[in-house]
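Hello,

Here is the structure we spoke about handing over. My notes follow below it.

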Amino acid sequence: MKSSRLYFIDTVRAFAILMMLQGHFIDTLLAVEFRDPSNVAFRVWQYFRGITAPTFFTISGLIFTYLLMKARAKGDVEERIKKGVVRSFMLIGIGYLLRIPIFRWFTGKFGTYFMVIDVLQCIGLSLLLIVLFYKLVRQNHRIFSILMIFIGTLIFALEPLYRTYSATNIPLFFANYITKANGSIFTLIPWFGYMAYGAFIAFLFQEYLTHPKFRNSIIVGFLAIGLFLVNGSTALLHYIFKFTQVQLIDDIANFNYLFIRLGNVLVIFGIFYALERFLKHPIILKIGQKTLSIYVIHFIVLYGSFTGWGLNRILSKKLDPTQAVFGALIFLVLVSLMAVYRIKANTYIYAKLRTAAHKISLLISKRGI
């Protein structure tokens, strides 16, 4: 019997989090005069940096939904949902906590910066939505998968309509989840679209993983569809517009980054799944399992959470390319080691946050919200 453990998920997560570390480090500290789009090395780095977030969101939707579907097969889906809800609130809580300028608050200076939405809040809320949709379809995996790919495609297809939406008549706390006008880094749309596609892919693995030809078929599918989205989706959209004259389609084609990035993600999935047996090194898998710790540590060190004193304040845009590259490698190794062999303080903090999130979820369930 084939194992249902998908090691490639951890390797993809490790790849994504390491790409994020070097991307954030170089983007924050590389001097402005070296950011030359005509430079091939900088252009390649910039392109691959753009792949990181779509990969992370898609793999997050995949792993969460895959575990959810496996739990249903084992008969403990409610326990898995409860754990998912608790983790969602924990992610949202940590996301806000990392942006709280404690020492500034002590001086009586308050602002709205801590309400800016970043990757953790966006993933946390997206997981809650996946749970909601999963329960709405009464845990029917096939209907759920169709719903997910429909929602993902709809979100991507309507991007021109909400691209410049400012949500001026909505309270700031909620508006930040749907607009970047106030400084949010990630918003629910379009990023939930990648989570939804990840949820659909999870269905394919849950449904067909044990089939003898599935592995080769899904690898070919990832690579073929991915390469088409990267190289052919824009041309297809222009072709459709030519016959339909629907302006929305032309608008998508002229700024077709969402489908192209999805194609990049699928190619990465195909490559990593094909090479899975060569990438199952314990350290790589451990890094893939410690992405939250890595994110928190890097945010504190690089951006100075709580204190306001991070590398961005000390070395902001002062490094030349050589310093930035070697600095990024050192940063990547040190942060990864700290997370893999993390200090007990992290465990203590996460335990307290999980407890708080669990109490919140219980309170919500009791009140029927």
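I began with phenylalanine 299, which sits in helix H15, the run of residues 291-303. Please keep in mind that this is a predicted model. Phenylalanine 299 has a relative accessibility of 5%, so it counts as buried, the cut-off being under 20%. Apart from neighbours up to four places away in sequence, phenylalanine 299 is in contact with Leu98, Arg99, Asp118, Gly304 and Ser305. Serine 316 is 17 residues from phenylalanine 299 along the chain, and the two C-alpha atoms are 14 Å apart.

H15 also packs against helix H1. The axes of these two helices are 10 Å apart, at an angle of about 5°. H1 and H15 are therefore roughly parallel to each other, since angles under 35 degrees are classed that way. On the H1 side the contact involves Arg13, Ile17, Met20, Leu21, His24, Phe25, Thr28 and Leu29. On the H15 side are Thr291, Ile294, Tyr295, His298, Leu302 and Tyr303. Sorted by class, this contact has nine nonpolar residues, four polar and one charged.

H1 contributes Phe8, Thr11, Val12 and Phe15 to the contact, while H13 contributes Ile268, Phe269, Phe272 and Tyr273. Seven of the residues in this contact are nonpolar and one is polar, with no charged residues.

Two residues of that contact come up again elsewhere. Threonine 11, in helix H1, is buried, with a relative accessible area of 2%. Leaving out residues within four places in sequence, threonine 11 is in contact with Phe272, Leu279, Ile284 and Leu285.

Phe8 is the other. The largest nonpolar core has 99 residues, and Phe8 and Phe205 are those with the most contacts inside it. What does phenylalanine 205 touch, not counting residues up to four places away in sequence? The list is Leu6, Phe8, Tyr66, Phe214, Ile218, Phe222 and Tyr273. Phe8 and Tyr273, both touched by phenylalanine 205, also belong to the contact of H1 with H13.

Regards

Definitions and conventions. Residues numbered from 1 in each chain as written. Predicted model: local features only at pLDDT ≥ 70, side-chain atom pairs only at ≥ 80, totals over all residues. Heavy atoms only, no water. Core = buried A, V, L, I, M, F, W, Y, C linked by side-chain atoms within 4.5 Å. Buried < 20%, exposed > 50% of the residue type's maximum accessible area, 1.4 Å probe, protein only. Contact = heavy atoms within 4.5 Å. Helix = DSSP H or I, 4+ residues; strand = E, 2+ residues; numbered from the N terminus. Nonpolar A, V, L, I, M, F, W, Y, C, P; charged D, E, K, R; others polar. Axes fitted to C-alpha atoms, helices over the stretch in contact; angles between N-to-C directions. Parallel < 35°, antiparallel > 145°, perpendicular 65-115°, else oblique.
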